[in-house]
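Please keep the sequence and the 3D view open while reading.

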Amino acid sequence: MSSFLERFPGFKIHEEIARTKLSVVYRAEDERTNRPAAVKLIDNDHHGRREIEMHRRVAQANPSGPVHVMRLLDTYVDGDYRWIALEYFDSTLESIDSSRLTPLALMSIGVDSAKGLVEMYRADVIDDDVKPGNIAFKAGSGRAAHLDLGCARLAGEVPVGFTQEFAAPEILSRKPSDTSPCYGWARSMEYLAFGGRDPGSHHLLSEAVPWVGRDFARLVNECRQTNQNRRPPVPALYEQMKQLVRSRRRCRRCNAIAFDDGVCVNCGT
Ligand SMILES: [Zn+2]
């Protein structure tokens with residue numbers, strides 16, 4: 001694909017930062033603004049066109065700009081390929097060292113991601129592929145934002161794609177649901193809380209990860225129900241996450257931030 005470098009007018013392409021079966025992502029610079037961007041090279045097929053359409057719908061439904069869904073800056077068709085330029089990000093939640101996440105960082109990522117799902121929900125957009133690799137993370141600001149809308153669809157439409165490990169059971173059997181993003185969100189939270197390892201089977205996240213507050217663990221558990229109707233709708237997930245983030249406290253012994261009844265990650269009390 002290197003022969004396609006420098007063919008995206010208006011963008012200076014630097015090194016590759018990520019690669020999947022369907023795309024290559026490069027660090028780039030927007031020559032008009034001199035600001036960094038992430039540019040992605042994908043096939044110019046229905047999959048690529050869908051991704052652009054979903055980004056545009058989300059932008060229309062959030063007139064001051066989505067904050068927790070990566071903004072689409074530009075797009076360009078080059079024969080069988082299509083370039084898309086997105087806001088720059090440093091990494092995804094899959095590539096950060098999640099074993100070193102603090103409780104506050106985990107909760108901030110949780111509320112940011114839930115807000116991103118609300119920004120999509122306003123546009124009737126349902127992402128069936130919510131997973132750590134599709135959530136971008138900006139190291140400087142700590143902001144998390146959803147990244148890849150290639151498997152997003154409109155509410156009621158048949159699922160177009162997913163990742164086995166993170167997708168809700170109804171999506172695996174190609175049945176639409178509006179709460180499938182909540183399931184992917186919950187699986188991503190488990191992945192992060194377990195430091196990227198397989199969480200195995202457990203009743204509540206707080207039983208396996210003592211610094212996770214019980215109320216947060218209950219919300220994650222509700223979102224990973226196999227019955228789609230038992231999960232909270234996307235807006236309710238966001239409202240509950242906001243409440244949980246507000247309920248943070250200082251550890252009485254060492255002053256570190258902790259949540260609800262979670263064990264202090266700093267001093268163990
Ligand atoms: Zn403490």
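How many of the 19 residues of H2 are buried? H2 is mostly covered, since 15 of its 19 residues are buried, where a residue counts as buried if 20 or more other C-beta atoms lie within 10 Å of its own, as exposed if 12 or fewer do, and as partly exposed in between, with C-beta atoms placed from the backbone.

## About the model

This is a predicted model, in which local features need pLDDT of at least 70 and side-chain atom pairs count only at pLDDT 80 or more, while totals for chains, interfaces and linings use all residues. Residues are numbered from 1 along each chain as its sequence is written.

## Helix H2

Helices (H or I, at least four residues) and strands (E, at least two) are DSSP runs, numbered from the N terminus. H2 has 19 residues and spans 27 Å from its first C-alpha to its last, close to the expected 27 Å at 1.5 Å a residue, the expected span being 1.5 Å times one less than the number of residues.

## H2 against H7

Two packed helices are described by the angle between their axes and the distance between the axes. For H2 (residues 103-121) and H7 (residues 234-246), the axes come within 9 Å and cross at roughly 155°; axes are lines fitted to C-alpha atoms, for helices over the stretch in contact, and angles run from 0 to 180 degrees between N-to-C directions. H2 and H7 are therefore roughly antiparallel to each other, given that angles under 35 degrees count as roughly parallel, over 145 as roughly antiparallel, 65 to 115 as roughly perpendicular and the rest as oblique. Their crossing is left-handed, a term used if the near helix is turned anticlockwise from the far one by less than a right angle, with right-handed used if clockwise.

Residues of H2 including Met 107, Val 111 and Tyr 121 meet residues of H7 including Val 234, Tyr 238 and Val 245, where contact requires C-beta atoms, placed from the backbone, within 7 Å. The residues of this contact divide into 13 nonpolar, one polar and two charged; Ala, Val, Leu, Ile, Met, Phe, Trp, Tyr, Cys and Pro count as nonpolar, Asp, Glu, Lys and Arg as charged, and the others, Gly among them, as polar.

## H2 against H4

The axes of H2 and H4 (residues 180-193) come within 11 Å and cross at roughly 165°, which makes H2 roughly antiparallel to H4. The crossing of H2 and H4 is right-handed. On the H2 side the contact includes Leu 106, Ile 109 and Ser 113, and on the H4 side it includes Trp 185, Ser 188 and Leu 192. By class, this contact has nine nonpolar, three polar and no charged residues.

Asp 124 lies in the loop between H2 and strand E7 (125-127), has a phi near 70°, a positive value in a residue other than glycine, and is partly exposed, with 15 other C-beta atoms within 10 Å. Asn 34, in the loop between strand E2 (23-30) and strand E3 (35-43), also has a positive phi, of about 60°, although it is not a glycine. Asn 34 is exposed, with 8 other C-beta atoms within 10 Å.

Ile 171 belongs to helix H3 (residues 169-172) and is buried, with 27 other C-beta atoms within 10 Å. Leaving aside residues up to four places away in sequence, Ile 171 touches Asp 128, Pro 159, Phe 162 and Ser 180.

How values were computed:
Two residues are in contact if their C-beta atoms, placed from the backbone, lie within 7 Å.
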